[in-house]
Amino acid sequence: MNTKSYFFQSFAIVALAFIAFIGFKQILPDKIFSESKMNSKNVLIDSLLLEAVAKDSLNETTDSIDAIDDAQGKEKITFDATEGIEFPAETFDNYKGYQYLISFYEKLYQLEKNPESHVRIAYYGDSMTDGDLIVQDVRSNYQERFGGNGVGFVSITSESAASRGSIKSVYSKNWKTQSYLNVKKPISPFGVNGHVFFANDIKNITWVQYEAGTAKNVATLDNPTLFYGRASKKGKVNFIIGKDTIHKNLVPNNLINTLKVSSGSLKAFKANFVNADSIPIYGFNFDNGKGVHVDNFSQRGNSGLPISMFNTNVMQSFNNSLKYDLIILHYGTNVLNYGTKNYSWYERGMTKAVDKIKESFPGVSILIISTADKSTKYDLEMKSDSAVVPLMKAQKKYALDTESGFVNLYTLMGGDGSMVKWVDETPARANKDYTHFNQRGAKAIGKLVYDQLNKGYEEYKKLREKREVASTKQRAARKINTDSVSVKNDTVNE
């Protein structure tokens, strides 16, 4: 065999393959060649999202959808008065929906008048709020103004436990976990956090340990309380606090049961579960009972659609204890990657999710937070992904249709091309995946969300004062009329 000839043949084949690759790259979709490699470890995509994409026809053109948006964009949206308060008309383009947050704003108003009362927020999200990012800053801003200590409800296990700074938690590896992302028929209903846990190892102790964070309003574990579900058998849990061990029984008679670890504040404790393998365990709540408390219910890979699987009765039982005033839905990151700009299927799915929340938490205000900007490589340049604006508009539509408040995170952070700026600026405020914010960026986003909510609250207070002034004038006018009639009657009698 001619070795030299074989070498040149091999070289030629490799060269031709390389040239063919370069040629095909020019005509293949740009998104195949991302700017940076994604770490696939622990990346989840919820089953309902996959099913919705598979079932729905994605052949509809976006032209009609954009045309509807353009026509609606400038039309006035007027609101019916709630308790005598009516916010000014808006348009679809600038829609914020403060009108639909009135019950939440009234609770804040009452809290300002009485610092011993409380307001509670549930913040549902995806990887954007992983490790308590964004949420911890919303929580901090509210607690700085209105008071309140504690991180709120915390799950037993979490993929972001190691990266979360607002509370430190470690746990044994023998917990059985079921999530609403990938299980349709759980052994027991999912909790308010979308999870249910089982200490299903009868040979080894199943445990979880919590330690308070270092930030001002989360430096203690206030009134730590265990939440667990219904089962046919009782169990036990041993709480280790310093050198002391407290033995308590788990009596799972109700849909949702609670058990206090302590009535005061702790720095840390460990919970060992004994003979509790059949009892659904949900997590611990930490709050001092007054001020504002914000629960972070984030999970990577979540589209928001799994919320529609909540058990209404179980959620109402949770709400009897936690008493929510505002529920925030912050999704979109996992909905952008399916080669479509028509999100009518997502609108329908999230409308069902919002309806489920209204059924499960009667009277609660709901806030939708849109997708942030995300960048993708087009012609060797990072630009805003073409699916971002269509998804944001779809989120705004179902916010309006379900009478929910709306935060347009895309425009708040700067609109078109803003993610590239957040990544490239010094110091950077977003990661090189051009999707997620770093600690610095998350803090800024948390402040933007809080500021918009607070602007609505300040407007609410002004409208409320006007209503009170008008009511006072009406009462005074009625009194004058009554006095006048009384004088006339007295004159006639004389």
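Colleague: Where is Phe87 found?

Modeller: In this predicted model, Phe87 is in the loop between β1 (76-77) and β2 (90-91).

Colleague: Is Phe87 buried or exposed there?

Modeller: Buried, because its relative accessible area is 3%, and the cut-off for buried is under 20%.

Colleague: What does Phe87 touch?

Modeller: Leaving out residues up to four places away in sequence, Phe87 touches Phe79, Tyr98, Gln99, Ile102, Gly456, Glu459, Tyr460 and Leu463. There's also a C-alpha to C-alpha distance for Phe87 and Gly97: they sit 8.8 Å apart in space and 10 residues apart in sequence.

Colleague: What about Glu83, where does that lie?

Modeller: Glu83 lies in the loop between β1 and β2. Its phi is positive, near 55°, and it isn't a glycine.

Colleague: And is Glu83 buried or exposed?

Modeller: Exposed, since its relative accessibility is 63% and exposed means over 50%.

Colleague: Let's zoom out. How many helices and strands does the protein chain have?

Modeller: The chain has 11 helices and 22 strands. It has 494 residues, and buried ones make up 50% of them. If you take contacts between residues at least 6 apart in sequence, 75% of those join residues at least 24 apart.

Colleague: OK, helix α6 next. Which of its residues are buried?

Modeller: α6 covers residues 312-322, and the buried ones are Thr312, Val314, Met315, Ser317, Phe318, Asn319 and Leu322.

Colleague: What happens at the start of α6?

Modeller: A side-chain oxygen of Asn311 comes to within 3.0 Å of the backbone nitrogen of Asn313. At the other end, α6 is followed by Lys323, which has a positive phi near 55°.

Colleague: You mentioned α7. Where does Ser360 come in?

Modeller: Ser360 is in helix α7. It counts as buried because its relative accessibility is 1%.

Colleague: Which residues does Ser360 touch?

Modeller: Thr312, Met315 and Gln316, not counting residues up to four places away in sequence. A polar atom of the Ser360 side chain is also 2.8 Å from the backbone oxygen of Lys356.

Colleague: Now the largest nonpolar core. Which members touch the most others?

Modeller: Of its 53 residues, those are Tyr124, Val192, Ile307, Phe318, Leu329, Tyr343 and Tyr346. The elements giving two or more residues to this core include β3, α6, α7 and β18 (326-330).

Colleague: What does Leu329 touch?

Modeller: Skipping residues up to four places away in sequence, Leu329 touches Tyr124, Ile307, Met350, Val354, Ile357, Leu367, Ile368 and Ile369. There's a second, separate core too, with 46 residues, including Tyr105, Leu326, Ala372 and Tyr457.

Colleague: What polar contact does the side chain of Asn174 make with another side chain?

Modeller: One with the side chain of Asp201, at 3.2 Å. A polar atom of the Asn174 side chain is also 3.3 Å from the backbone oxygen of Ile205. Asn174 and Ile205 are 31 residues apart along the chain, and their C-alpha atoms are separated by 8.4 Å.

Colleague: Last one: which residues does a cis peptide bond join?

Modeller: Thr426 and Pro427, with omega about -5°. Pro427 is in the loop between α10 (418-424) and α11 (439-493). Tyr434 lies in the loop between α10 and α11 as well; its phi is positive, about 55°, although it is not a glycine. Tyr434 is buried, with a relative accessible area of 6%.

How values were computed. Residues numbered from 1 in each chain as written. Predicted model: local features only at pLDDT ≥ 70, side-chain atom pairs only at ≥ 80, totals over all residues. Heavy atoms only, no water. Buried < 20%, exposed > 50% of the residue type's maximum accessible area, 1.4 Å probe, protein only. Helix = DSSP H or I, 4+ residues; strand = E, 2+ residues; numbered from the N terminus. Polar contact = N/O pair within 3.5 Å; in protein donor to acceptor, adjacent residues only side chain to side chain. Core = buried A, V, L, I, M, F, W, Y, C linked by side-chain atoms within 4.5 Å. Contact = heavy atoms within 4.5 Å.
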